[in-house]
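Hi everyone, thanks for coming.

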Amino acid sequence: MRVVLATHNPHKVGEFQQIVQQTRPDLEVVGYDGPEPVEDGVTFAENALLKARAAAAHTGLAALADDSGICVDVLGGSPGVFSAYWAGQKKDATANLELLLDQLRDIADPHRSAHFTSTIALVLPDGREHVVEGIWPGRLAHDASGGGGFGYDPIFIPDGQPDGAERTVGDFTAEEKQSQSHRARAFAALVPLLAAL
């Protein structure tokens, strides 16, 4: 079975395919080449649904869309839905990361708690819609570390690492990230819905 992932981000397509292979190897995730809707929602769920609806309408396939970001407690949950644009409309991942680190420069470790949120919308060609969410708790490092992942991964230290490790997601292997991430957690909630297709 094929589903279209409503993103032009090749990192997300690859990451989703790896996550999907762990539980639904019969499911093929294909990239989306249609027009991008304006993401004018104020929640992750609203934006995920906007993208999934557009992809389902354009392709005639079942469509998945993820809207995700990092939510920092001391910033009242920001960047949140604005994570990709935190440093401006260019979607510059390096500038976003550097701005966030600069804003938290004087914040001590006990107050650097944060979490990644992934909200996945599934829109079927017949109009049925489902939304699930995954949360990955942790905190932010003072400096970027590791060459893996993308976006804010190099500054996010997930909770619950073995032996009390303090690695950022940038230091994780792809397999470690795919098994623990906010997207993996959201997708786990989506599996029963996909199984019913």
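Let's start with Asp67. Leaving out residues up to four places away in sequence, Asp67 touches Glu39, Thr43, Phe44, Asn47, Ala48, Lys51, Val81, Thr117, Ser118 and Thr119. By contact I mean heavy atoms within 4.5 Å.

Before I go on, some ground rules. This is a predicted model, where local features need pLDDT of at least 70 and side-chain atom pairs count only at pLDDT 80 or more, while totals for chains, interfaces and linings use all residues. Residues are numbered from 1 along each chain as its sequence is written, and side-chain values use heavy atoms, with hydrogens and water left out.

Back to Asp67, which sits in strand 3. Helices here are DSSP runs of H or I with at least four residues, strands are runs of E with at least two, and both are numbered from the N terminus. Is Asp67 buried or exposed? Asp67 is buried, because its relative accessible area is 5% and the cut-off for buried is under 20%, with exposed meaning over 50% and partly exposed in between, using a 1.4 Å probe and protein chains only. An unreviewed UniProt entry annotates Asp67 as "active site", and UniProt also places a "binding site" feature there, again from an unreviewed entry. A word of caution: UniProt positions are in the numbering used here, feature names are shortened, and annotations may be inferred rather than shown by experiment.

Next, the pockets. Rolling a probe the size of a water molecule over the atoms shows where empty space is left.

Strand 3 gives the most, with 4 residues. By type, the lining has 12 nonpolar, 13 polar and 10 charged residues. Here nonpolar covers Ala, Val, Leu, Ile, Met, Phe, Trp, Tyr, Cys and Pro, charged covers Asp, Glu, Lys and Arg, and the others, Gly among them, count as polar.

Now helix 1. The 14 residues of helix 1 should span 20 Å at 1.5 Å a residue, and the end C-alpha atoms are 21 Å apart, which agrees. If you're checking the sum, the expected span is 1.5 Å times one less than the number of residues. The buried residues of helix 1 are Lys12, Val13, Glu15, Phe16, Gln17, Ile19 and Val20. Their cover includes strand 1 (2–5), strand 2 (28–30), strand 3, strand 4 (113–123), helix 4 (174–180) and helix 5. Glu15 also pairs up with Ala174: they are 159 residues apart in sequence, yet their C-alpha atoms are 8.4 Å apart. Ala174 is in helix 4 and is partly exposed, at 36% relative accessible area.

Most residues other than glycine have a negative phi, and most peptide bonds are trans. Which residues does a cis peptide bond join? Ser78 and Pro79, with omega about 0°. Pro79 lies in the loop between strand 3 and helix 3, and Lys91 is found in that loop too. Lys91 has a positive phi of about 55° although it is not a glycine, and it counts as partly exposed at 42%. Asp163 has a positive phi as well, near 60°. Asp163 is in the loop between strand 6 and helix 4, and at 84% it counts as exposed.

Last one: Asp153, in the loop between strand 5 (129–140) and strand 6 (156–158). Asp153 is buried, at 2%. Its contacts, beyond four places in sequence, are Phe116, Gly148, Thr168, Val169, Gly170 and Lys177.
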